[in-house]
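Q: Please look at the model shown here, and then let us go through what its terms rest on.

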Amino acid sequence: SHNVINDIIEDSEGNYWIATKGGGVNKYDGKSIEIYTTENGLCDNEIYSLLEDNKGNIWFGSESGKVSKFNGKTFTTLAEKNGLSSNVVRSIVEDFEGNIWIGSNGGGLSKYDGKSITNYTSKDGLINDYILSLLFDKKGNLWIGTYSGGINKFDGKSFTHISENEGLSENTVISF
């Protein structure tokens, strides 16, 4: 199961981070591979999503619904006890102000400002709580791709829905 790759990114130093299904994360510097697992402090060995933030930290979204941040030396983990939804983390993005946005598969959307977590669910206007993909546009709008619910656009105040009813060809949006 370690041969299944869920996500891959290139960081600002030219390293490739490879998220695997069960084998943790591989960091490839062009010459050798370094493997990070729960033994190193990673939140889970099944990682679905990766992000490098504007400070050079690497973020990992996991099967267990936890999120780890790696500063190059140590891992810090956000979990339910910090207010995070406890569902599979499918997507992580950063906004222009440095906030981290986390999309989960069933738990909705979470915003982490470095201190606390704010959660948004269908009760707050999301079309549904099964988020597969996230993307910020140049105007600062957050686009949210869902499983079977179409797309939400969040302008920081309210959610707009775009689905097959509005002409979208498919209501499941895996990536942008």
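A: To begin with the elements, a helix is a DSSP run of H or I with at least four residues, a strand is a DSSP run of E with at least two, and both are numbered from the N terminus. This is a predicted model, in which local features need pLDDT of at least 70 and side-chain atom pairs count only at pLDDT 80 or more, while totals for chains, interfaces and linings use all residues. Residues are numbered from 1 along each chain as its sequence is written, and side-chain values use heavy atoms, with hydrogens and water left out.

Q: How many helices and strands does the protein have by that rule?

A: The protein has zero helices and 16 strands. Among them are strand 1 (5-10), strand 5 (47-52), strand 9 (89-94) and strand 13 (131-136), each of which supplies at least two residues of the lining of the largest pocket. Strand 9 gives the largest share of that lining, five residues.

Q: What makes a space a pocket, and how is its volume taken?

A: On a 1 Å grid over the protein atoms alone, a pocket is an open set of points with protein on both sides within 12 Å along at least five of seven lines, whereas a cavity is a set where a 1.4 Å probe fits but cannot get out; lining residues have an atom within 4 Å of a point. Points are joined across faces, edges and corners, and the volume is the space filled by probe spheres set on them.

Q: What is the make-up by class of the lining of the largest pocket?

A: The classes are nonpolar (Ala, Val, Leu, Ile, Met, Phe, Trp, Tyr, Cys and Pro), charged (Asp, Glu, Lys and Arg) and polar (the others, Gly among them). Sorted in this way, the lining of the largest pocket has 12 nonpolar, four polar and three charged residues.

Q: Which residues line the second largest pocket?

A: Its lining includes Asp95, Phe96, Glu97, Trp101, Lys111 and Tyr120, together with Phe136, Gly140, Leu142, Phe154, Asp155 and Gly156. About 200 Å³ of space lies in this second largest pocket, and by class its lining has six nonpolar, two polar and four charged residues.

Q: Why is Phe154 called buried?

A: Buried means under 20% relative accessible area, exposed means over 50%, and partly exposed lies in between (1.4 Å probe, protein chains only). Phe154 has a relative accessible area of 4%, so it counts as buried. Phe154 belongs to strand 15 (residues 151-154), and, residues up to four places away in sequence not being counted, it touches Trp101, Tyr120, Asn141, Leu142, Ile144 and Phe159, where contact means heavy atoms within 4.5 Å. Across the protein, 47% of the 176 residues count as buried.

Q: Why is Ile162 placed in its accessibility class?

A: Its relative accessibility is 27%, and therefore Ile162 counts as partly exposed. Ile162 is found in strand 16 and touches Trp143, Gly149, Gly150, Ile151 and Leu168, again without residues up to four places away in sequence.

Q: How do you know whether Ser148 is buried, partly exposed or exposed?

A: The relative accessible area of Ser148 is 43%, which means that it is partly exposed. Ser148 lies in the loop between strand 14 (142-146) and strand 15, and its phi is near 70°, a positive value in a residue other than glycine.

Q: Why are Ile5 and Asn165 called exposed?

A: Ile5 reaches 52% relative accessibility, so it counts as exposed, and Asn165 does so at 71%. Ile5 sits in strand 1 and, its neighbours within four places in sequence left aside, is in contact with Ile18 and Ala19. Asn165 lies in the segment after strand 16 (159-162).

Q: How do you know that the radius of gyration agrees with a compact globule?

A: The radius is taken over C-alpha atoms, and the globule rule is 2.2 Å times the number of residues to the power 0.38. With 176 residues, that rule gives a value near 16 Å, and the protein has 16 Å, so the two agree. Along its principal axes, the C-alpha trace spans about 50 × 35 × 30 Å.
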